[in-house]
Amino acid sequence: MSKPLPREGEQLDARAGVERSTPHNGETTEATSVSARGDSIFADPLVRMMGWVSAFMVVAFLATVVGALFFGILDPPAPRTAVERDLAIAQAKIESSDSTATAQDWYAYATALVSTGQYTKAERIIETARDQGVEDPTKQYIALAQVRLDLARGEYEAAVEHAGTAMEALEAEYEMAQERFEETQQGSAFLAEGLTGNYDMLRLNKAEALEELGRLDEAIAELDGYLANNERAADILLWRGDLKAEIGDTPGAIEDYQAASVFMPGDESLAEKLAKLGVSDD
């Protein structure tokens with residue numbers, strides 16, 4: 001098929017993609033064809049190759065970043081959860097070049113690692129803290145961190161042993177504080193506080209481990225000791241009531257449930273526990 005002839009007064013320069021127009025006055029004007037010029041850029045093999053190379057580099061970079069984030073090589077820009085935030089804060093205190101981290105700081109770091117499932121690293125941190133002698137004998141923070149790690153790993157026998165050892169250490173420290181007071185009449189914060197705080201936490205952790213081992217009578221004994229100083233702890237009353245019900249001590253379970261109901265009026269789950277034992281919480 002033959003190409004159409006240009007209209008009168010027009011000439012087409014195909015090589016340059018320019019349409020030449022000759023007005024009636026004889027002057028020649030040029031109008032660049034946008035489509036022809038655009039097509040000529042990508043028609044160049046070098047331009048096409050550079051475009052493909054650039055696209056490949058962008059894709060490769062994004063793939064590298066995504067892969068690094070997935071495998072943990074790069075850290076996210078900020079902690080995503082409260083646990084991660086606590087871990088970051090605790091780690092910063094321990095790893096600071098001018099760190100004056102206390103036993104409580106080491107405890108916070110170790111337990112944050114346990115909470116995020118980093119058990120091996122938590123164990124190393126606990127060992128490092130012990131090697132550096134940062135333990136506070138009146139608090140037993142490092143020992144408490146060890147018990148938390150034992151429980152998380154399901155090593156309940158170890159948890160019972162470590163909790164018992166730490167509790168004995170606190171009891172011995174308290175006795176020495178009392179002796180010093182009798183000799184010097186100088187008190188201390190530890191003596192004024194008594195065996196509470198971490199001692200109570202160790203007792204509860206020990207009770208948890210004993211329950212897991214099926215040693216329910218011993219677990220109840222530890223809860224007895226805790227409730228002697230924390231009579232309003234409704235959640236622990238419920239816990240002890242459940243253990244008593246499990247060993248067949250129905251009157252004891254009812255007593256604990258009713259004591260807990262004073263602090264939990266109208267609680268449906270508590271009402272169900274009492275109802276199973278044939279008692280109304282009215």
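## A helical protein, contact by contact

Setting aside neighbours within four places in sequence, A234 touches A260, F263 and M264. A234 sits in helix 11, which covers residues 234-246. With a relative accessible area of 11%, A234 falls under the 20% cut-off and therefore counts as buried. Y257 is 23 residues away from A234 in sequence, yet the two C-alpha atoms are 8.7 Å apart in space. Bear in mind that this is a predicted model, and every number here is computed from it.

Now for the wider view. The protein has 282 residues, and 30% of them count as buried. Its secondary structure comes to 13 helices and three strands. Take the contacts between residues at least 6 apart in sequence: 43% of these join residues at least 24 apart.

Next, the helix pairs. Helix 7 (residues 156-184) packs with helix 9 (residues 198-212) at an angle of about 155°, and their axes are 9 Å apart. That angle is over 145 degrees, so helix 7 is roughly antiparallel to helix 9. As for handedness, helix 7 and helix 9 make a left-handed crossing. On the helix 7 side, the contact uses Y156, A159, V160, A163, G164, A166, M167, L170 and E171, while helix 9 brings Y199, L202, R203, K206, A209, L210 and E212. Sorted by type, the residues of this contact between helix 7 and helix 9 are eleven nonpolar, one polar and four charged.

Helix 4 (residues 103-115) and helix 6 (residues 141-153) make another pair, with axes that come within 8 Å and cross at roughly 10°. Because that angle is under 35 degrees, helix 4 is roughly parallel to helix 6. From helix 4 come A103, Q104, W106, Y107, A110, T111 and V114, and they meet Y141, I142, L144, A145, R148, L149 and A152 in helix 6.

What about the nonpolar core? In soluble globular proteins, nonpolar side chains tend to be buried together. Here the largest nonpolar core has 55 residues, and those touching the most other members are Y109, L202, L223, I236, W239 and L243. L202 also turns up in the contact between helix 7 and helix 9, on the helix 9 side. L243, not counting residues up to four places away in sequence, touches E211, L216, A219, I220 and L223.

N198 is placed in helix 9. Its relative accessibility is 14%, which is under 20%, so N198 counts as buried. Beyond its neighbours within four places in sequence, N198 is in contact with K139, Q140, Y141 and L144.

L191 belongs to helix 8, residues 189-193. L191 is buried too, at a relative accessible area of 16%. Leaving out neighbours within four places in sequence, L191 touches Y174, A177, Q178 and F181. For L191 and E173, 18 residues apart in sequence, the C-alpha to C-alpha distance is 9.4 Å.

Here are the two C-alpha pairs again, side by side:

| Pair | Apart in sequence | C-alpha to C-alpha |
|---|---|---|
| A234 and Y257 | 23 residues | 8.7 Å |
| L191 and E173 | 18 residues | 9.4 Å |

Notes. Residues are numbered from 1 along each chain as its sequence is written. This is a predicted model: local features need pLDDT of at least 70, side-chain atom pairs count only at pLDDT 80 or more; totals for chains, interfaces and linings use all residues. Side-chain values use heavy atoms; hydrogens and water are left out. Axes are lines fitted to C-alpha atoms, for helices over the stretch in contact, and angles run from 0 to 180 degrees between N-to-C directions. Helices (H or I, at least four residues) and strands (E, at least two) are DSSP runs, numbered from the N terminus. Angles under 35 degrees count as roughly parallel, over 145 as roughly antiparallel, 65 to 115 as roughly perpendicular and the rest as oblique. A crossing is left-handed if the near helix is turned anticlockwise from the far one by less than a right angle, and right-handed if clockwise. Contact means heavy atoms within 4.5 Å. Ala, Val, Leu, Ile, Met, Phe, Trp, Tyr, Cys and Pro count as nonpolar, Asp, Glu, Lys and Arg as charged, and the others, Gly among them, as polar. A nonpolar core is a set of buried Ala, Val, Leu, Ile, Met, Phe, Trp, Tyr and Cys residues joined through side-chain atoms within 4.5 Å. Buried means under 20% relative accessible area, exposed over 50%, partly exposed in between (1.4 Å probe, protein chains only).
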